[in-house]
Amino acid sequence: MSYSNFSSSDLYLVKEDELDRVAVERCLEGDLDAFGSLIERYQRPVFNTVLHMVGDAEDAREVCQQAFMKAFEHLSSYDRDRKFFSWIYRVAVNESINFLKARKPHESLNEKLEHPRANPAEHFEELEQWTHLHEAIMKLDPNYKAVVILRHFIHLSYREVADILNLPEKTVKSRLFTARQMLREALEARGHGHD
Amino acid sequence: MVMTDDDLTRQLESVPLIESPDFREAVMGRIRSSGHPKAAVLHFSRRRVIVGLAWAAAVVIALGFALERASSPRPQTVGATMAPVPVEEWPAVTSVRGQGETLTVRRSGDLFAVESAPPASIEWDRAKLSMIEIYPSGTVVLQRRRGAEGSSEIRLSVAGREILKTTISFD
C-alpha cells in the first residue's frame with residue numbers, strides 16, 4: 001500500500017466513530033433516520049452478542065429490539081466522549097442479563113441455538129461439538145458468558161470488553177480465564193479433547 | 001480426555017457471526033408509534049422555539065415586501081425556483097467494487113459526495129478537498145479547494161487496511 005503522494009499532514013480520515021458521533025447528534029436534533037443508520041450499522045454484532053447470551057433466536061430478536069429502543073430513549077444521557085459501540089453493546093448485554101433473570105430456568109435449554117454453518121448430514125461431529133459448546137456456554141453465569149461472547153465471538157480487545165462491561169481489564173482477563181476453565185471442564189466431561 | 005486452552009479458544013473463535021434480522025423498520029416503527037421522537041428532542045425545544053420565531057419573523061417581512069410590491073404595479077418577471085438536488089441524485093462519476101464493498105463518488109460542480117457501503121473509513125487529500133458534511137448514512141461531502149487542479153485519490157479502509165481506492169478528476 002503506497003501513500004507516496006499524500007503527506008501524513010494532508011490526510012483526513014473519517015472513522016466509524018465520527019460517523020456515529022454525527023448520527024447521534026442528528027438524532028438528538030430530531031432526525032429519526034439517523035438512529036436508523038445506527039441500528040443498521042450495529043444490528044449484526046449486537047444480535048450475535050444477544051443471541052449467544054440468551055440462546056434463542058426469537059428471544060434474541062425481542063431483546064435486541066428492546067435494547068435499541070432503550071438506547072434511543074436514553075440517547076441524550078449517552079456520554080459522547082465514549083465510543084457509541086461500547087455503549088450500545090453495554091445496553092444490549094444488560095438487556096440480555098435482565099431477560100435471563102426474568103426467564104424461568106426450565107425455558108433456558110429447551111430451544112437450542114443452531115450452529116450457523118453446520119449441515120447435520122455432512123458435519124455431524126462439528127454439530128455435536130458445537131451443541132455441547134453452546135450448552136456449556138448457556139450454563140455459565142451471565143457475567144462470565146458476556147466476556148466469552150464479546151472476546152471470542154465478537155473479537156473485541158480486552159480493553160473494549162472492559163469498557164463495555166465497565167470493569168478493569170484485569171477483571172476481564174481473570175473472568176475469561178475462569179470461564180474458559182469451566183467450559184473446558186464441561187466439554188471434557190462430554191468426551192471432547194485429547195486422550 | 002484433556003482439552004487445552006488453545007483447543008477451546010480455536011473452537012470459540014471458529015464460531016462465525018451470523019446474519020441478523022433487519023431491526024431497523026421494526027424499531028423505528030415502535031419508536032414512532034410510542035411518540036418517543038418528541039421525548040428524544042425535548043431538550044432542544046428552546047432552540048426550536050427560537051428557530052420557529054425566526055422563521056415567523058422572516059415570513060412577516062416577506063409578506064410585507066409582497067404587499068408593498070402588490071400595491072405598486074411593476075413589470076412581471078417569471079423566475080424558476082431551484083430546489084437543491086439530493087446528494088444521492090447527483091450523477092456518479094466513479095464507482096468501484098471490492099469483495100462486498102462499494103465506493104461511489106457523485107459530483108455536483110465542485111462538490112463530491114463519497115459513499116461507501118458498508119460505511120468504512122474514508123481518506124482523501126486535505127490539500128485539495130475539504131469536508132463540508134457527513135450524512136448519517138456515512139456519505140461524506142467534499143468540496144474542491146480553490147486552486148486545486150488535476151485529480152485526487154479517495155481511499156476506503158477498514159481497520160487500517162486499504163480495501164478500495166479511486167481517483168476523481170477536477171476537470
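Helix H8 of chain A comprises 21 residues (169–189), helices being DSSP runs of H or I of at least four residues, numbered from the N terminus. At 1.5 Å a residue, H8(A) should span 30 Å, and its end C-alpha atoms, 30 Å apart, agree with this; the expected span is 1.5 Å times one less than the number of residues. The model is a predicted one, in which local features need pLDDT of at least 70 and side-chain atom pairs count only at pLDDT 80 or more, while totals for chains, interfaces and linings use all residues. Residues are numbered from 1 along each chain as its sequence is written, and chains are lettered from A and ligands numbered from 1 in the order in which they are written.

Within H8(A), the buried residues include Val172(A), Arg175(A), Ala179(A), Arg180(A), Leu183(A) and Leu187(A). Because they cover an arc of only 135° around the axis, they lie on the same side of H8(A); the arc is taken over directions from the helix axis to the C-beta atoms. Exposed on the other side are Lys170(A), Phe177(A), Gln181(A), Glu185(A) and Ala189(A). A residue is buried with 20 or more other C-beta atoms within 10 Å of its own, exposed with 12 or fewer, and partly exposed in between, C-beta atoms being placed from the backbone.

Arg190(A) belongs to the segment after H8 of chain A and counts as partly exposed because it has 16 C-beta neighbours inside 10 Å. The C-alpha atoms of Arg190(A) and Gln129(A) are separated by 9.3 Å, although the two residues are 61 residues apart along the chain.

Conventions
Helix = DSSP H or I, 4+ residues; strand = E, 2+ residues; numbered from the N terminus.
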